Every structure is written in structure tokens, then in C-alpha cells.
Amino acid sequence: MAAFFTNLMADALPTALWVGRVLLFLAAVWVLVRCGISLFTREKKPEVWGFLSLSNGARYDLTHWENMIGRMRSADVRVNFPSVSRCHAAICRDDRGRWAVYPVSHSSPVLLNGNRTTEKAALQAGDCIAVGGVEMYFFPSTESDEAKVARRRVQEQQQRRISPVVTLLLVNVCQLLLFLQVFLTAQAGDRMAIAVAFSGIALLAWTLYWIYRLAHRTAYELESLVFLLISVGTAVTAAYDPGSLYKQLITVVIGMALFLLMSGVLRDLGLSIRARWPVAIAAAGLLAFNVVLGERIFGAKNWISVGPLSFQPSELVKIAFILAGAATLDRLFAKRNLIFTILFSAYCVGCLALMSDFGTALIFFVAFLCIAFLRTGDLPSIAMLVAAAAFGCGIILRFKPYIADRFAAWMHVWDYAQDMGYQQTRTMSAMASGGLFGAGPDKGWLKYVGAANTDLVFGVVGEEFGFLLALCCVTALLIPIIYALRCAATARSSFYTILSCATAAMLVCQTALNVLGAVDLLPLTGVTFPFVSMGGSSMISCWGLMAYLKAADTRQNASFALRLSKLAPEKKPRAKKKQEGFFADRPDIPVDEIFRKEDHQ
């Protein structure tokens, strides 16, 4: 009888696991839909931080912390007079609420209260600014104005709020289904590590949620998507190398701590900008150390080993690279600040080329192009940079023949199935065998191919858990990226705009190289899939980059990077007011009318 039930369970287990993978896909889609509705169904309204008033009554709202005054169409305050320069002046606000006016050049003077100024000058309410003979009066928003706006935004958010608790519970359902997939098919000796890893990931998700609640933060969509991706990556690691699960869990903790630390630092705009120098110097030193003493693995000299620990400096430098590029905003309109970004970018890309890590070098270059365009808006200059990069690629192909071989095999991998196309052909075969809902972790064989848990992880997910879940992973990463780009138009400071857009460009490029390279739509470059690929350096780096995306979220109380707004105190309902004191002796005066007049005043 015992043998009968054992055989029955053995026969029923594959069917049960297949049903579990179908349910896993449905739960993942539900998470994506809820996060998408929460992020994209609300209209993004610009924040008004003050206004400029002309003598004829015309009003220009200041919807950013850095506002350009000039005649060009893209100016925040467009003054279309012949005497006004295309870029005449800028009005900027810091995160402490202090405003200042900056003349762009000495040839375009600015009069502040009748006095000519060629340097930064502080602004006060009612100050008169004259550009090209056109006078404007400056009025910043008051604390009362900002408090009323904050209260209205809170009320709008509460009326159409998607519960983050329900979304997080759905993530837990996905984690449970992934856990069962790998736990029931794992060796007995590996089951403890699998149970600890999945329990730890679920606990960390709820810990971060309660940290948000205690800090009065309400947005948890991005974090829910991140933990969904981490859970899929944990399942891949459990099937590939269960012994690495403890290390992977530790790196998630470190990444979360870095995410919270960076979110706190980004609250202080001045501190973030000043930090670019020590951060850039540390990143440059780390890359130089890697070039000289790095360890070569899979052809790229991009690893540093310290005792039992090894890490990739290039992953951590991604965080510094974007910060250094975005933090040249002490004078947003001065193009000379771009020189620092160009030199630092050339140094980073050059070091990566010397390490033969050309995939990461391409990711850095794409992020640099995004930063350069946002800083200057000069398309001809960007085109020249692309042309120079193409010339450099030609030199690389001349002296690095194995890179040329990869391009030769691109789109022809089946002709090189035993050498240059070995990984891509196996990936496509494995994904085809997995079908829509996967063959299961115990049936997967792509994990035994070299670098499957990193460079080919998209194929591993497709083979073991289904092509549909692999697409869900891509969507889970694209949702916060698209939302950050959507927020860029209404971001408070250009610093946060450049941070989020450059991060989005970097993550999109990295994901495209990993996913499309594995299936031969792009050359295979050997980069990781964010949060899913196995690797501690990548996990920590991705958490840091998420802090930049999160900083672009301007919804009320959404991010640690934005200070909580002081809400205006609510007035008691008028219906409950009683005629006491003065009004008790004046029954002829309507109380409601008095309060209406007070509110109007």
C-alpha cells in the first residue's frame, strides 16, 4: 500500500508542478497589472514652486527647481522679445527653499531690483528681475501653498489607491510557488538552504514595507517588482547552485541597506552634488586597481578577489558613474561642466576596454550619451560622439579578433553551433523545449552550460519556468523604467531627471544585451539580467540604481529621497460648530456665512 501511494505521488507530482507553474504565471501577471495600474492611471501634474509676473499681468509658473529664462522654445520661461537672449538667465531653487538668479553670460546682463548682476544673486519675494528690458516680479510659493497642494495630493492618492499589502501578498504567492517548484525537486541536503533563502526573501520584503510605513511612505510598487525578480533569481540559483543561496541572501540585505542609505543621501541635493568628487575619485581608483591586479574570468579581467570574496568593480562603478554625470548641476546652464563628465566617462570606458569587458563599456557609453543629451540638448555633438565611438569600435575589432568573431557569428549562430554560437544555440533549444510554462527545474539542462546563471539566465528561466514567466521578468523591469521616464517631465530638479533617465538608459541597454544576446538578436556580450542573474556585485549595484529610479517619483510621500511635505491642518466640519461665546449672543449672524468669509479671506 505504501508503495502504491508513493508511485501515485510520483506520477501526480509532474502534473501538480505544471499546474503550479501556470498559477505562478497568473500570479506574476496580477502583480504586474496591479503595479502598472497604481503607477500609470494617475495623471502626472507639474508641481508649482512659484511664479514670475509681468507688469501686464501675464504669469509664468515655475514648475521646476531650475528654470531657464530666454527666447528659445524650450525655455521654461519663454520671453519672446528681440532684446532677450536665447538663454538669458536661470532661476534656481535648492532643497531648502532658497532661490537665486544666475546670469548665463556677461554679454546678457540681468538687472535685479535695478542693479546689474553678473553672478549668482539671492532672490526674495517681490524682487524685480529685468532681462533684455523686460521686467518680471518673482513670487515663490509659501509654506501654506505647498501644504495645501500636499494635502490635495494625499486626498487624491487615497481615493484611487491600490493596496500595496495585497500586491505584496501576491508576491508572496509567487515566492511560495517558486519555492515549491525547486524544493520538491531538490536533493534532500539542499532543501534547508532553499527554505532559508525563500523565507529570508519574503521576510526582507515585509521588513522593507514596514520601514516604509514607519517613515510614512506609501508607494511600494517598485519594491514589489524588485522582490518578484529577486524571487525568480533565487529559484534559478536554487536549481543551479544551492550552496550559493546564503551568499545571495546576504547580498540582498546589503543591497537593501545601500538602497535606503542612498535614498536618504539623495534627500540633500547639495550633499549629493558635492559627493561627486570623492565618489568619482574612488571609482577611478577602483577601476585602475582592477586594470592592474584584476583577475580574468571568461575572457574579461573584471574581477577582484580578496580572500574568499570576489566582486566586480565595474558593477559598483555604475552607481558612481551616473551620480558624477548628473551632479554637474551647480550651474546647470554652463556647458563647461560637461567636460568633467566627458573626461570621467572616457576614463571609465577606457578602463573597461583594457579589461576586455566590452559589454559593460557599451552600457556605460549609452548612459553617457543620455547624460550628455540631457545636459546640452545638442544633437550634432551627440552624433559626433557616436561617430568617434564607432571609430574606436573599429580599432577594437582590428586588435581584438575574438570580438570580431562574435560579430561574424551574430545572426548565424547555427553555422557555428560548436564554437562561437554554442551558448546561443543551446539557449534557444532550451527555451523551445520549455514551452510556455516550462519543463521544471529538475528537467532543465541549460544550467549546465557555461555562464548560464548569469549571461544566459533569460533562457534558464524560459526553460525551467516558461517563456511567459521570462517575459514577465522583462516586463517587471520595464515598468519602473518607463514610469521613471514618465516622471522626468515633472521632476523637481534636473538632478533627479538626469539620474533617473541615465539609470533607465543603462538598465534598458543591459537588459536588452542580456535577453536579445541570449537568443541571437544581438551579439552576446556577457552582461547580467538585473536582479535575476546570480552574482552579489550585480545585486548590490542594481539596488543602488533603483534608488535613482525611486528618486524620480514625485508622488506625495512616495520616496525617501523627497522630504515629507507639511500638511495644512484640517478644519473641523462646519456642521459641528456651535454658536458659543460671541456668536451665542448674536443669533442674527449666520455662522456658516462667517466661516465662508474667513475661508475666502
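## Overall picture

Two residues are in contact when heavy atoms of theirs lie within 4.5 Å. By that rule, 66% of the contacts in the protein chain with a separation of 6 or more are made by residues 24 or more positions apart. The structure is a predicted model, in which local features need pLDDT of at least 70 and side-chain atom pairs count only at pLDDT 80 or more, while totals for chains, interfaces and linings use all residues. Residues are numbered from 1 along each chain as its sequence is written, and side-chain values use heavy atoms, with hydrogens and water left out.

The protein chain holds 19 helices and 14 strands, where helices (H or I, at least four residues) and strands (E, at least two) are DSSP runs, numbered from the N terminus. Of its 601 residues, 52% are buried; here buried stands for under 20% relative accessible area, exposed for over 50%, and partly exposed for what lies in between, with a 1.4 Å probe and protein chains only. The accessible surface of the chain is about 27800 Å², and 64% of this belongs to carbon and sulfur atoms, as computed by the Shrake-Rupley method with a 1.4 Å probe.

## Strands and their partners

Two strands are said to pair if DSSP finds at least two bridges between them. Strand S11 (residues 134-140) runs antiparallel to strand S1 (residues 50-54), to which five bridges join it, and four bridges join S11 to strand S10 (residues 128-131), again in the antiparallel sense. Tyr 137 of S11 stands opposite Ser 53, and Tyr 137 is also the bridge partner of Cys 128. The hairpin of S10 and S11 has two residues between the strands, and in this hairpin Gly 132 takes a positive phi near 60 degrees.

Strand S6 (residues 99-103) is antiparallel to S9 over two bridges, and Ala 100 has Ala 122 in S9 as its bridge partner.

## The nonpolar core

In soluble globular proteins, nonpolar side chains tend to be buried together. A nonpolar core is a set of buried Ala, Val, Leu, Ile, Met, Phe, Trp, Tyr and Cys residues joined through side-chain atoms within 4.5 Å. The largest one here has 153 residues, and those with the most contacts inside it are Ile 91, Phe 227, Phe 529 and Trp 543.

When residues up to four places away in sequence are not counted, Trp 543 touches several residues, including Phe 227, Met 256, Phe 259 and Phe 531. Phe 531 lies in the loop between helix H17 (494-518) and helix H18 (536-551), and Phe 531 counts as buried because its relative accessible area is 1%. Although Phe 531 is not a glycine, it has a positive phi of about 70 degrees.

## Two further loop residues

His 216, in the loop between helix H4 (191-214) and helix H5 (221-240), likewise has a positive phi, near 65 degrees, in a residue other than glycine. His 216 counts as exposed because its relative accessible area is 53%.

Met 72 is placed in the loop between strand S3 (66-70) and S4, and Met 72 is buried, with a relative accessible area of 14%. Leaving aside neighbours within four places in sequence, Met 72 is in contact with Arg 78, Arg 86 and Cys 87.
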